[in-house]
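I opened the model and made notes as I went. The entries below follow the order in which I looked things up.

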Amino acid sequence: MSEPGNDGLEPPTPSEHVYETDEPVLYEAAGGIARATLNRPRYHNVQNSQMTYALDDAFRRAVDDDAVKVIVLKSDAKHFSAGHDIGSPGRDFHASVDRRLMWYDHANKAGAEKAYIREQEQYLGMCKRWRDIPKPTIAQVHGGCIAGGLMLAWVCDLIVASDDAFFQDPVLQMGFPGLEYFAHCHELNVRIAKEFLFLGERMSAQRAHEMGMVNRVVARADLEAEVARIAGRIAEQPRLALQLAKQACNHMETLAGKNAGIDAAFGYHHFAHANNTLVKGDYIAGFDGKTMAEKNKRQTGED
């Protein structure tokens, strides 16, 4: 649950999170394909720090395994991911972590610095790190891919979605310009990106495919098999050639200003965090997972 006063200008409070699982990400590898499965089904795979670092561990494990040629990111829960954890008992915003990047500890910081440093490491930094994984990655998406869930899909090289999947970034309701890894204008035409953000409505898998954000849409019953088929075909290619092709494509995006734009938008995002603290008394404007979901349903008129 959000804690007004403790996430903003007041001194930080001790963490009181309770994890519901010791395995927020499951891992398996066979036939040249590694599968990392998001595993917080009770909370629709909302991402806390525990899940973030478990996913980083899974990706590292796949990179270190020479037998693995391609990595699939998937979920066996109702949804792919409902975003960042802002309300479960496992919300560990205040906890120190075993950091992977060159950022200092956020947990003992107050004011806007706390969220800024944490998100530099756990959101922006991790997404850039995962985008540059030297092996092809495929997001296997069904159900909801919402807000922070978009980041997990967008850092993957391919997105294959079921026909019941939907994509949504509704965080303007919280006062933010969009999620932290602001790749919207590279994943979508700029005008469509504005519509996606301004309205905060669900985008169907079919429309996401038409907009170029999704590679393929298949029936839900066929999703697992289609992703396995695509991953198997990729796994037949030479490892170095795959890596070089990926590196070249990512470099083209970098030349087009993707990283510079994301970095700038990240600053806007944290200006909004600071404004929420000053105006609302809380860096996420008093929302928790339940209230955000309820308001989202009211605003969109969706179930």
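**Entry 1: two helices.** I began with H1 and helix H2 (residues 111–131), whose axes come within 11 Å and cross at roughly 25°. Axes are lines fitted to C-alpha atoms, for helices over the stretch in contact, and angles run from 0 to 180 degrees between N-to-C directions. Helices (H or I, at least four residues) and strands (E, at least two) are DSSP runs, numbered from the N terminus. The angle makes H1 roughly parallel to H2. I noted the cut-offs: angles under 35 degrees count as roughly parallel, over 145 as roughly antiparallel, 65 to 115 as roughly perpendicular and the rest as oblique.

I wrote down that the crossing of H1 and H2 is left-handed. A crossing is left-handed if the near helix is turned anticlockwise from the far one by less than a right angle, and right-handed if clockwise.

**Entry 2: where the model comes from.** This is a predicted model, in which local features need pLDDT of at least 70 and side-chain atom pairs count only at pLDDT 80 or more, while totals for chains, interfaces and linings use all residues. Residues are numbered from 1 along each chain as its sequence is written, and side-chain values use heavy atoms, with hydrogens and water left out.

**Entry 3: the contact of H1 with H2.** Which residues of H1 meet H2? I listed Ser49, Thr52, Tyr53, Leu55, Asp56, Phe59 and Arg60 in H1, against Arg118, Glu121, Gln122, Met126, Arg129 and Trp130 in H2. Contact means heavy atoms within 4.5 Å. By class, this contact of H1 with H2 has five nonpolar, three polar and five charged residues. Ala, Val, Leu, Ile, Met, Phe, Trp, Tyr, Cys and Pro count as nonpolar, Asp, Glu, Lys and Arg as charged, and the others, Gly among them, as polar.

I then looked up salt bridges and found 18 in the structure. A salt bridge is a side-chain nitrogen of Lys or Arg within 4 Å of a carboxyl oxygen of Asp or Glu. One of them joins aspartate 56 to arginine 129, with the closest N and O atoms 2.7 Å apart. This pair links distant parts of the chain, 73 residues apart, with aspartate 56 in helix H1 and arginine 129 in helix H2.

Entry 4: I found H2 packed with helix H9 (residues 258–280) at an angle of about 155°, their axes 11 Å apart. That makes H2 roughly antiparallel to H9. The crossing of H2 and H9 is right-handed. The residues of this contact of H2 with H9 divide into seven nonpolar, five polar and five charged.

**Entry 5: the six-stranded sheet.** I traced an open sheet of six strands in the order E1-E2-E3-E4-E6-E9, with mixed pairing. Two strands pair if DSSP finds at least two bridges between them. Strand E1 (25–30) and strand E9 (216–218) stand at the edges, each with a single partner strand, so one side of each has no neighbour in the sheet. The twist averages 20° from one strand to the next. Helix H1 (residues 49–64) packs on this sheet and touches E1, strand E2 (33–38) and strand E3 (70–75).

I checked two pairings. E1 and E2 run antiparallel and are joined by six bridges, and tyrosine 27 stands opposite alanine 36 in E2. Strand E6 (residues 158–162) and E9 pair in the parallel sense over three bridges.
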